[in-house]
Amino acid sequence: MRLQTRPEHHLTYCSNIHPGESWQEVFEQLRRYLPGLKNRLADGRPMGVGLRLSAQSAEELVQPDKLSEFDRWLDEEGLYLFTMNGFPYGSFHRQRVKEQVYAPDWRTPERVAYTSNLIAILSGLLPQDVDGGISTSPLSYKYWMSDEVEREETFRESARNLAICAFEMANIHNDQGKELHLDIEPEPDCLLENSRETIDYFQRFLLPVGSTYLKKEFGISPDEGERILREHIRVCYDTCHFAVEYENPEEAVSSLINAGIKIGKVQISAALRVPKPNTEEERKRIAERLQTFAEPVYLHQVIERRKDGSLRQFRDLPQALPHFGEEEMEEWRIHFHVPIFTDRYEEGGKERDAIGGEIISTQRDILASLPVLLRQTSCRHYEVETYTWEVLPPSLKGDLSESIYRELRWASEQLEESAGRR
């Protein structure tokens, strides 16, 4: 839906919350949830859609008959597509995902082909007056790289492959007048996990290697190649991921903007935040509660801030738990997307911490980020991305439609308030 105070800005939720890998399964979920949510949230206005497709469902939807059917349905329901999630390539629910969410990575033709299908789908459905974005993985997973040589080659190969997609989107803009962008989403333990690494990649690899490739393959001048890359390859700012990295929103956004890197999409999401317990009894009690989040489907990276200000990283929550509450710990942040509309939870009429004890969320980082993003960037895409409803502890679960409604309503209120303070 469009913001009332700033109608060129769009808000939706990501459909990766819904299970389904075939297009038929995805479409059934959209028909089940979207019309009702639109009726409750959009005041009779059109409502935007954030669509997640697996490689299988993208291959099915890109076919002209399926695309036309979906286009008609969107029009009949007063819905429009403006953003897509092209991060998870394969299955994303009800089986082990973990580090396989990054495969195939940006070294591979499979990732390029999948993204090309998403570009074709988005260009076919995007309204003429709206720019369209596709969030994508931050190149690869650091632990798959055996040494610095392999890491640098991954940077170079990914730059060439991203340039292919940028060139495709540039041609669509020239032919159809539609503005599309691919938004790289930094995430803990990936090749790009924070603003510093993202800027370094753009400056050392994407722009020089990508523009050289475009010149070699398509005869484009280096200046024009760099313009194409800067315009069509952007960043997806996920408030959960940047919070887990302890990044200051003002500094992170400013550094990206000063480097000439556009933010194409903001994913509004929250992580778990755990201050160091004060007593051994409290440590044991909180560790027990944290154990309920150590589920087998998704990867939940943990970053510990230590007393000396340094950061210590763990690949996943189960590996981190034996170290909870150690002497040098000051705070943990855990990559587990939790509901954004509160960091407190009401149970039996009594307000208490969302999970109990001193486990809360990084909601305050969302509140700090939105005014900065609205003030400093040209980004017009905002998407709530809490995909973990199926694996949340029972105390945080609720009716899915009602939960999505509460998330979107809260996000809308915060965006409207932040836009008003601009």
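**Notebook: strands, helices and enclosed space**

I began with strand β11 and noted that 9 of its 10 residues are buried, so β11 is largely enclosed by the rest of the structure. By buried I mean under 20% relative accessible area, with exposed being over 50% and partly exposed in between, for a 1.4 Å probe and protein chains only. Strands here are DSSP runs of E of at least two residues, helices are runs of H or I of at least four, and both are numbered from the N terminus.

I record that the model is predicted, that local features need pLDDT of at least 70 and side-chain atom pairs count only at pLDDT 80 or more, while totals for chains, interfaces and linings use all residues. Residues are numbered from 1 along each chain as its sequence is written, and side-chain values use heavy atoms, with hydrogens and water left out.

**Entry 1: the antiparallel sheet**

I looked up the sheet that holds β11. It is an open sheet of 5 strands in the order β10-β9-β11-β8-β14, with antiparallel pairing. Because β10 (311-314) and β14 (360-361) stand at the edges with a single partner strand each, one side of each has no neighbour in the sheet. I count two strands as paired if DSSP finds at least two bridges between them.

I then followed both partners of β11. Strand β8 (residues 270-275) pairs with β11 (residues 329-338) in the antiparallel sense over 5 bridges, and L272 stands opposite I334 in β11. Strand β9 (residues 302-306) is also joined to β11 by 5 bridges and runs antiparallel to it; here R306 stands opposite M329.

I noted helix α12 (residues 363-376) lying across β8, β11 and β14, at about 125° to β8. Contact means heavy atoms within 4.5 Å. Axes are lines fitted to C-alpha atoms, for helices over the stretch in contact, and angles run from 0 to 180 degrees between N-to-C directions.

**Entry 2: the parallel sheet**

I traced a second open sheet, in which 8 strands follow the order β1-β15-β7-β6-β5-β4-β3-β2 with parallel pairing. Its edge strands are β1 (10-13) and β2 (47-52), each of which pairs on one side only. From one strand to the next the twist averages 30°.

Within this sheet I checked β6 (residues 233-238) against β7 (residues 263-268): they pair in the parallel sense over 4 bridges. V235 stands opposite I263 in β7.

Helix α4 packs on it, touching β3, β4 (132-136) and β5, and its direction makes about 165° with that of β3. Helix α1 (residues 23-41) lies across β1, β2 and β3 and runs at about 155° to β2.

**Entry 3: backbone geometry in the loops**

I examined the loop between β3 (79-85) and α4 (109-125), where P104 is placed. A cis peptide bond joins A103 and P104, with omega about -10°. K98 lies in the loop between β3 and α4 as well. Its phi is positive, about 45°, although K98 is not a glycine. I find K98 buried, with a relative accessible area of 8%.

I found another positive phi at D189, near 75°, again in a residue other than glycine. D189 sits in the loop between β5 (180-184) and α6 (195-218) and counts as buried at 3% relative accessibility.

I searched the whole structure and found 5 cavities of 30 Å³ or more. On a 1 Å grid over the protein atoms alone, a cavity is a set of points where a 1.4 Å probe fits but cannot get out; a pocket is an open set with protein on both sides within 12 Å along at least five of seven lines; lining residues have an atom within 4 Å of a point. Grid points are joined across faces, edges and corners, and a volume is the space filled by probe spheres set on the points.

The largest cavity has a volume of about 170 Å³. Its lining has 18 residues, of which F92, V101, E187, H335 and Y387 lie nearest its centre. By class I record 9 nonpolar, 5 polar and 4 charged residues in that lining. Ala, Val, Leu, Ile, Met, Phe, Trp, Tyr, Cys and Pro count as nonpolar, Asp, Glu, Lys and Arg as charged, and the others, Gly among them, as polar.
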